[in-house]
Amino acid sequence: MMAVTAKAFQLWRSRIAPEDTVTDLCRVAGIKRSTLAQQLVRGKVSVPTIVAIARAYGLSPTDALAGFEGYGDLQDGIRTPTDAELVSQVSHIDILRLLVARSEDKECAGTDLRLNLAPFPHRNSVRAWIEAIDPGDLRQQLAASTGVARQNLSAQLTAGRLAPEIAMQAARIAGVSLTSGLVVTGLLTPLEGGWPEDGRARALCALSDLDLVFLARDRLDVLGKQIRRAELDDGKDRAMWENLG
């Protein structure tokens with residue numbers, strides 16, 4: 001995870017809370033003092049730490065991050081998420097709920113107010129977002145531009161996470177909002193990232209029945225593979241313990 005230098009952090013801290021000690025800072029932000037102390041000793045402060053402190057002191061996390069190296073273009077790169085991005089953050093359960101409602105021809109089944117979509121990120125938020133913005137060779141370009149091996153990138157996606165610098169680079173390559181990846185990984189809230197409150201419901205309702213069916217099929221296919229992989233891993237674990245006696 002790309003972090004900011006301890007020196008840059010200390011300069012920023014002295015500006016936003018000149019009278020507060022590190023202990024005060026941790027108490028206000030709800031961070032363990034040992035956690036921040038370890039980061040300072042290593043010379044790198046994590047991005048989630050910066051975001052937590054910014055929120056605690058009433059600052060915009062995007063404004064705060066934009067002041068550090070590697071994030072300078074964050075503010076200028078904020079734009080409205082695409083419909084594909086918005087739909088990518090709808091869970092398979094909500095997609096199926098809308099399909100069932102449409103099949104039953106319920107009154108107002110497709111209106112924003114009746115959907116009550118589950119909060120996101122969901123289980124497959126990161127992978128779904130990458131697929132939604134992929135121009136065709138996103139993984140290759142990401143690996144080449146960040147120096148992260150393809151297998152390491154795949155491991156992050158499988159685990160449902162993505163380092164902030166990789167998420168922002170993915171957005172740059174795809175030409176979407178630089179905050180989108182930070183939102184789908186849970187680093188920023190949708191509001192902080194500029195995502196409209198009713199955007200997901202509107203984008204989902206705009207899909208035709210056929211597109212909705214295809215979307216549900218694709219999501220269930222991914223879910224099926226994950227469950228199958230988990231069952232295989234569980235079977236291997238049981239066999240290992242049985243062999244151990």
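**Close-ups of a predicted model**

**View 1. Glu192 and Arg55 join up in a salt bridge, 2.8 Å from N to O.** The two partners come from distant parts of the chain: Glu192 sits in the loop between helix H13 (180–184) and helix H14 (199–205), while Arg55 belongs to helix H4, 137 residues away. A salt bridge here is a side-chain nitrogen of Lys or Arg within 4 Å of a carboxyl oxygen of Asp or Glu. Helices (H or I, at least four residues) and strands (E, at least two) are DSSP runs, numbered from the N terminus. Glu192 is partly exposed at 22% relative accessible area, and so is Arg55 at 37%. For reference, buried is under 20% relative accessible area, exposed is over 50%, and partly exposed is in between (1.4 Å probe, protein chains only).

This is a predicted model, where local features need pLDDT of at least 70, side-chain atom pairs count only at pLDDT 80 or more, and totals for chains, interfaces and linings use all residues. Residues are numbered from 1 along each chain as its sequence is written, and side-chain values use heavy atoms, with hydrogens and water left out.

**View 2. Pro61 in helix H5 (residues 61–66).** Pro61 is buried, at 4% relative accessible area. Leaving aside neighbours within four places in sequence, Pro61 is in contact (heavy atoms within 4.5 Å) with Val51, Ala54, Arg55, Leu188 and Glu192. Pro61 and Glu192 are 131 residues apart in sequence, yet their C-alpha atoms are 7.3 Å apart.

**View 3. Helix H4 (residues 47–56) and what follows.** Buried residues in H4 are Val47, Thr49, Ile50, Val51, Ile53 and Ala54. Just after H4, Gly58 takes a positive phi of about 70 degrees.

**View 4. Asp73 pairs with Arg172, closest N and O atoms 2.9 Å apart.** Asp73 is partly exposed at 30% relative accessible area, as is Arg172 at 32%.

**View 5. Asp83 meets Arg202 in a salt bridge, 2.7 Å from N to O.** Asp83 lies in helix H6 and Arg202 in helix H14, so the pair ties together parts 119 residues apart in sequence. Asp83 counts as partly exposed at 37% relative accessibility, and Arg202 does too, at 37%. The structure holds 9 salt bridges.
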